[in-house]
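Here are my notes on the model you sent over.

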Amino acid sequence: LQVISDILSSRERLDLITNHEGDHDDTGSATDSSRFVTQGPDGKLYQPIPVRTVTENTEQQTEHPGDTYEYGVFGLGACKPKWSQRLANLNVFVVVYGVAGIWMITLSGFLGSQVTSIERHLGISSSKTGFILSSNEIGYLVFVILGSHLGKYTHIPVFLSVSGLVFGLATLAMALGRLETPRVWQDATDKSPSGAQSSTFDSSAKYLCDSGFSASIDTVLISTNSSTFSPNISGDLSPSRSVSWVFYLLVFCTIIGGAVKSYRIPLLTYYIESNIVNKNRSALLLGASFTAMLLGPPVSLFLGSFSSSLPVDLKETNMSKHDQRWVGAWWLGFSIIGLACIICSVPIMFFPRHMRKLKTRNLPETTQTTSLRVMLQDLPKSLGRCFRRPIYVLAVILNCIEGLAFSGSFAFYQKYMETQFNKTSQEISTVTGVITLFTIVMGTFCGGLITTKLKLGLRGCAAMTLGLATVTILLNCLYLLFGCENSDIVGMAGNRTLALDACDCSQDVFIVCGENQVNYLSPCLAGCRNATTDMIFTNCTRINNGHARPGMCDLDCPYFIPYLINFSIGYFLGTLTLIPQFLLTVRSVEQRDQSLASGTTAFCQTLIGILPSPILFGKMIDMSCSLWSPSGNCILYDRDRFRYNYYGVYLGLRFASLGVIGSLLWLTHKDARRESSKPTSKTTEE
């Protein structure tokens with residue numbers, strides 16, 4: 001928060017002149033006939049200062065004739081070749097760090113795309129997966145203020161580079177979860193779906209009719225002989241089984257990752273503002289860097305689609321992706337992200353601490369201790385000024401509510417679509433990756449363009465936010481209708497079959513789809529007596545000696561395409577409100593408090609909204625489970641209950657935010673009328 005406060009004050013510093021490459025700007029022209037670089041005794045490169053003629057623009061501060069500038073050197077240690085010095089400029093820095101930022105922001109989206117595979121591998125419920133997702137925000141909250149404050153006194157490019165390296169190493173460590181055998185395989189006889197033919201037969205034998213298999217108490221999931229069915233929704237079916245060590249590894253590494261990337265935006269902004277020549281270009285450079293980072297979510301989804309298409313052991317297998325034992329290569333994505341982040345972070349440390357710096361002997365004497373003391377003394381006063389403004393308080397409440405609504409729903413929306421429409425992770429990741437690639441970039445750009453062209457003030461931003469939020473919420477209500485019915489499964493709810501009595505079926509669950517498009521809780525209930533190496537069950541007496549395959553039958557549900565269309569429109573309209581809602585927050589306070597107000601809002605939103613949201617939604621999803629596996633993950637969800645729990649919480653929070661936005665519009669309208677009633681004051685919404 002302190003370094004964000006310094007960003008605005010940095011605009012009041014002595015303005016630097018055109019850089020050593022001979023750039024021209026709008027404020028004057030630089031004459032340059034014999035510019036050259038000389039090396040001083042300290043090893044640094046120095047360059048004569050050109051004469052500069054100032055024309056009409058007086059916004060840029062002029063330099064004093066006696067001022068001497070020193071230029072940063074591109075390189076590290078003794079490795080500072082002359083040919084590389086042309087790389088020591090902000091344009092190259094923004095490009096290099098933008099690429100690294102893409103991979104750092106990719107982790108959260110990729111983790112959300114692998115929820116199903118991670119739950120099956122570790123045998124955990126969705127609430128525990130939600131805790132893994134929330135661990136990123138724990139690291140953010142713990143280290144954002146400390147890292148932002150200490151980072152500005154360091155060599156910022158080196159600090160950001162080391163942070164990227166630590167982030168990459170933590171992400172690589174998450175891939176070590178591959179060392180543990182998936183628990184859905186531990187419950188079966190074989191340890192891998194790609195084993196030899198004999199092991200495949202042994203693993204399928206206990207599900208067959210007349211297999212002679214005697215069920216053990218440890219593998220009992222549901223008694224198909226019972227006259228009633230009462231599913232366990234606690235997720236604690238096997239209290240004796242401990243949580244996997246991989247769970248704690250993922251939590252720890254996610255906390256580390258959230259901590260080291262928490263201060264990247266404040267330090268990036270501070271570095272650009274401190275080295276920019278023309279302050280009007282800082283917004284362009286920051287916008288280019290942030291736009292590059294917006295590519296992170298689509299990249300994470302495409303990477304998730306690739307990882308989900310491969311088996312976890314990367315061995316050739318004939319297992320269907322609809323098989324309840326299918327586990328995608330989730331660890332492979334972490335390896336790719338970690339390696340890419342390490343590779344892209346190394347070049348950042350070669351950039352100089354200062355692109356161009358006025359020598360300290362020509363500056364007025366001042367100490368960082370004094371400025372820090374003044375800053376700390378003003379911090380409580382600035383917070384008091386912010387929270388005495390009702391509009392700002394409501395804006396903070398609005399951001400907290402929407403953080404609570406969006407964070408958890410975004411973390412589990414792929415799992416929702418997989419369950420609701422019986423799709424694989426690969427299919428959902430590919431489709432949503434294409435959608436988010438266009439909607440995020442175009443929505444954010446159009447929102448900023450509309451706000452700029454219409455010159456919206458506080459009241460205009462509140463009206464635009466209210467209008468778009470109303471339309472979006474109404475479209476979101478259609479999600480309650482765009483859902484599929486629960487599939488009928490023979491063996492559920494005490495449905496007895498002739499095969500149950502004739503085949504002495506075990507109580508293990510392995511859902512299959514018969515050739516007659518009927519779902520069975522196990523191949524034995526379909527009367528299947530044989531199984532191929534492809535896990536296709538044959539000679540099924542209940543299917544007229546036909547066959548059955550693993551997984552649920554295809555749904556006769558027409559709502560998948562309407563759901564995607566509604567999802568795309570709602571996502572686009574939602575991103576349109578990002579810019580006006582941000583302006584509504586920062587413009588509600590005095591200009592000197594804007595940076596602190598923005599940082600305080602982000603802190604409150606993370607603590608109250610983003611942090612607990614995945615845990616809340618994960619718990620609601622667990623309450624929708626109808627059938628738990630012995631390993632601890634859910635095998636079968638009640639689609640109707642899932643839909644109403646998931647979107648019930650989401651829509652409830654969105655309607656609450658709609659009331660807050662309405663209150664904001666009323667307050668801004670009231671303030672505008674009060675300002676217009678002052679005869680001597682110029683009314684302005686900004």
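The points below cover the ground rules, then helix packing, a loop serine and a sheet.

1. Ground rules. This is a predicted model, so to speak with caveats attached: local features need pLDDT of at least 70, side-chain atom pairs count only at pLDDT 80 or more, and totals for chains, interfaces and linings use all residues. Residues are numbered from 1 along each chain as its sequence is written, and side-chain values use heavy atoms, with hydrogens and water left out. Helices (H or I, at least four residues) and strands (E, at least two) are DSSP runs, numbered from the N terminus.

2. How helix pairs are described. Two packed helices are described by the angle between their axes and the distance between the axes. The axes are lines fitted to C-alpha atoms, for helices over the stretch in contact, and angles run from 0 to 180 degrees between N-to-C directions. Angles under 35 degrees count as roughly parallel, over 145 as roughly antiparallel, 65 to 115 as roughly perpendicular and the rest as oblique.

3. α11 and α12. Helix α11 (residues 296-308) packs on helix α12 (residues 330-345) at an angle of about 135°, and their axes are 8 Å apart. That makes α11 oblique to α12. On the α11 side, Leu-303, Phe-306 and Ser-307 meet Leu-332, Gly-333, Ile-336 and Ile-337 of α12, where contact means heavy atoms within 4.5 Å. These residues split into 5 nonpolar, 2 polar and no charged. For the classes, Ala, Val, Leu, Ile, Met, Phe, Trp, Tyr, Cys and Pro count as nonpolar, Asp, Glu, Lys and Arg as charged, and the others, Gly among them, as polar.

4. Ser-309. What does the side chain of Ser-309 reach at 2.6 Å? The backbone oxygen of Phe-306. Ser-309 belongs to the loop between α11 and α12. Leaving aside residues up to four places away in sequence, Ser-309 touches Lys-321, Trp-326 and Gln-426.

5. α3 and α14. Helix α3 (residues 115-122) and helix α14 (residues 390-421) pack at about 85°, with axes 9 Å apart. The two are therefore roughly perpendicular to each other. Val-115, Thr-116 and Glu-119 of α3 meet Ala-411, Phe-412, Lys-415 and Glu-418 of α14. By class, this contact has 3 nonpolar, 1 polar and 3 charged residues.

6. α15 and α18. The axes of helix α15 (residues 425-453) and helix α18 (residues 560-576) come within 7 Å and cross at roughly 30°. That makes α15 roughly parallel to α18, and α15 passes α18 in a right-handed crossing. The contact includes Ile-428, Val-431 and Ile-435 from α15, with Phe-560, Leu-564 and Phe-567 among the α18 residues. Its residues divide into 12 nonpolar, 7 polar and no charged.

7. The sheet. Six strands form an open sheet with mixed pairing, in the order β7-β9-β8-β12-β11-β10. β7 (489-490) and β10 stand at the edges, each with a single partner strand, so one side of each is left without a neighbour in the sheet. Strands pair if DSSP finds at least two bridges between them.

8. Following the bridges. Strand β8 (residues 512-514) pairs antiparallel with β12 over 3 bridges, and Gly-514 has Ala-548 as its bridge partner in β12. Ala-548 also stands opposite Phe-537; β11 and β12 (residues 546-550) run antiparallel, joined by 2 bridges. Phe-537 of β11 in turn faces Ala-531, and β10 (residues 530-531) pairs antiparallel with β11 (residues 537-540) over 2 bridges.

9. Hairpins. The β10 and β11 hairpin has 5 residues between its strands, and Met-535 there takes a positive phi near 60°. In the β11 and β12 hairpin, with 5 residues between the strands, Asn-544 takes a positive phi near 55°.

Key: Polar contact = N/O pair within 3.5 Å; in protein donor to acceptor, adjacent residues only side chain to side chain. Left-handed = near helix turned anticlockwise from the far one by under 90°.
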